[in-house]
Amino acid sequence: MVARERETVDLADVIRDILDNYPAGSAVLREFLQNSDDSGARRQEFILDPRSFPKVSLVAPALAHCQGPALFATNDGHVREKDWKAFKHIHSSSKTADETSTGKYGLGFRSCYHVTDNPHILSDKKLLVLDPHGDVQNYQGGFSLTLDTNDRHQYHDHFLAFQSVLSQDDQIYDGTAIRLPLRLDAQANRSRIKSEATSVESIRTMFWDFVKKELHEALLFLKNITSIGLFEIGDNGDKKQIASAWIDNADEVATCRGVSRGRTEESSTYELCIKVEVRNPISGRSSISSRSWILTQFVENYGRVDDIVTSLCPDGLPDLMASEKLLPHVALAYPVPDTPTSSLQDQGKLFTLLPLPIVTGFPLHIHAIFALTRNRQSLRNPRDVAAGSREEWNKAIFRNFIPKAWEKLFENAVQGIGTLPISPYDLWPKAGGGDQDYWKDLPQELLKRVAPKQIWPLLSEGDASAEYRSLKDVLLASTNAEPELLSILADCGVLISQPPEHVYSLVESSEANRSRLMTPSSVVDAVESNASSLSDLPPTTRSALCDYISTGNDINLLSRVSLIPCADGTWTPINPQTSYTLATEVEAHMFDGIDSRTRFLALDQIGETAKDLLLSSPDIKLLKQADVVVRLLARKYSRFQSSDASPATVSADVEAADVDWLVEFWNWIGDWREASDIWAAVYRDRVKGLPIIPLSIGDGRHGLRIFAEGSIDP
């Protein structure tokens, strides 16, 4: 004989297991916000009603504990028929096939059981009361009542408990009100769902935690909700505001929110202003704060998405996208700082419409339809990846969709968003921000995308309008670059951009782009291509530029640009085929022209760094080196030498100028500290025999005498 048998499920046990994976506290409010937004509601309110109500006209005495203090979650949306079914089926969802909704598991609503044992849902004419403990005789599991029938009179006290949101004469409730009778101590002692009581004070703490940590950002990425209010009902039934937040430009934002929800590539960038009003619980006074955000929304073309996900995971991911509603919608929110310290300070978070407890280290918040763990508190582990798994979808978001959305944000920042003072450099993520493998490479991916884009701001002076170029057209200066040098390069027509340190380091780590960093070599490349601009620079400016290029410790760089001052007032590059001598103005005047193979450089106009580099070359000498002086003397006066090397007088064809030059030479050498080097043994033989002793022999005639041992006293 066949006997029917089947497994049964204890609802209370199932819900208790669900709560183990869902956080309590203000996370409960987030779940209600999510559901309200999915319903198309525009306003959300949370109300604490600490009052108690009569317990006489109830469906069952077992529900008497529901007539005490309660938390309300209300909105101006309506519960649809499929939603009523979802409330009664724990592991199903009314939103499974709805791409405009985010809920995936139908479990988020069950987080309310952290607070209550018996949720009450009122919408339109229907009141649904859930009874997971099965305590209601004849209606175990729950029941519904109708607002416009005799139920209203027969079970009056159930409706009376909604007094804070439902007037006595209402025949319909225009919206949705979920009432959560608090699980007080007596109920907690017998609850099989949760043994921890929920007090009125704990709800107040929940409210304030939400106000302090989430209220100012909760509206950023929602599709429909434009205002949130938190209230408490007083003893006399008055509704007192605790805090509220609203989008100040709600109508404009509502239009913009409708973009990027289709299947073709779309993007939009707009300003969103959120105002928050908070009432001081002690003084009763309210204060209003305001913050503007720049939002960029982006949706990838679905055909391209198919190609991307198929390349990542050929087996099964497209099917998973449909079943899990993994949509290629991305949005970025950057807070416009009122002061330098009012930005996110690299504490950007991830959102899936509402904030996730995941900090990225980026300067903005990121929304995407991420593949999350079942409790919606974290991304799935990227190190534990199986073919076809949800982790591959998260990788596609960070590698493909987010960089593309970020690129759009850059472009819009350059084009100007209203009058908001945003530079593209404010928007750059720091490399390695956060600790997640998913986004550690995002900065480099972003650099690849935007390097060719004209989003790199040029240095400008004063109130000049910003100009932008692509990375290949600019040199990036470090933050510690000397402003004077940058000004000089600008005068030379070099396009300079000065990013923050983390952007500079990012480019430095990129093999494809590090050539765009400002170095002596890259500066020479830039100056060489605009060499005519050098002629307009004053000598001190050229000297400073030459000194910087010399820090590269490569004398070949100085062979490409005319930055070396010559004694004759011209400027020259260093020619490897030419010998150079560094001399002061007086020295150059004295020795210039003696040797056509030697060119004199103006020592007084050359900086120390450049001088040290020049003197490292064997072809460049300092005039005040004994061998240089001796060589030049020999070059000038060897023509007066006779075959007789005795110290005799040479008088033939000696011009006064030759004698005057020697007089000037001996005066100069008298002030030269290294003069004694000429008389050192190594040079003495080269000087001996040169007719370099000037004589006056009368009758206006001049002569020269051979230098020999004892002819002068050194």
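Rings of Phe, Tyr and Trp (its six-membered ring) count as a pair when their centres lie within 6.5 Å, with planes under 30 degrees apart called stacked, over 60 edge-to-face and the rest tilted. By that rule, Phe 32, Trp 84, Phe 87 and Phe 109 make up one aromatic cluster. The model here is a predicted one, where local features need pLDDT of at least 70, side-chain atom pairs count only at pLDDT 80 or more, and totals for chains, interfaces and linings use all residues. Residues are numbered from 1 along each chain as its sequence is written, and side-chain values use heavy atoms, with hydrogens and water left out.

Let's stay with the rings for a bit. A charge is said to sit over a ring if NZ of Lys or CZ of Arg is within 6 Å of the ring centre and within 35 degrees of the ring normal. Lys 239 does likewise with Phe 231, its charged end sitting over the ring at 4.5 Å from the centre.

Searching the whole structure turns up 18 aromatic pairs. One of them is Phe 72 with Phe 162, an edge-to-face pair with 5.7 Å centre to centre and 75° between the planes. Phe 72 belongs to strand E2 (residues 70–75), while Phe 162 is in the loop between helix H5 (156–160) and strand E6 (173–181), so their pairing ties together parts 90 residues apart in sequence. Helices (H or I, at least four residues) and strands (E, at least two) are DSSP runs numbered from the N terminus. Phe 72 is buried at a relative accessible area of 0%, and Phe 162 is buried at 0% too; buried means under 20% relative accessible area, exposed over 50%, and partly exposed in between (1.4 Å probe, protein chains only). As for Trp 393 and Phe 401, their ring centres are 5.6 Å apart with the planes at 55°, so this pair is tilted. Trp 393 is buried at 0%, and so is Phe 401, at 0%.

Now for the nonpolar cores, meaning sets of buried Ala, Val, Leu, Ile, Met, Phe, Trp, Tyr and Cys residues joined through side-chain atoms within 4.5 Å. The largest has 64 residues, and Ile 228 and Leu 230 touch the most other members. Helix H7 (residues 200–213) gives the largest share of this core, six residues. Beyond its neighbours within four places in sequence, Ile 228 has contacts (heavy atoms within 4.5 Å) that include Leu 33, Phe 46, Phe 210, Leu 219 and Ala 245. A second, separate core of 54 residues has Val 336, Leu 356, Phe 370 and Trp 406 among its members.

Which strand is largely enclosed by the rest of the structure? That's E11 (residues 329–335), because seven of its seven residues are buried. In a regular strand, side chains alternate between the two faces of the sheet. Here both faces are covered, with His 329, Ala 331, Ala 333 and Pro 335 buried on one side and Val 330, Leu 332 and Tyr 334 buried on the other. E11 runs antiparallel to E10 (residues 286–299), joined by seven bridges, and strands pair if DSSP finds at least two bridges between them. Across from Leu 332 stands Thr 296. Four bridges join E11 to E14 (residues 365–368), also antiparallel, and there His 365 is the bridge partner of Ala 333.
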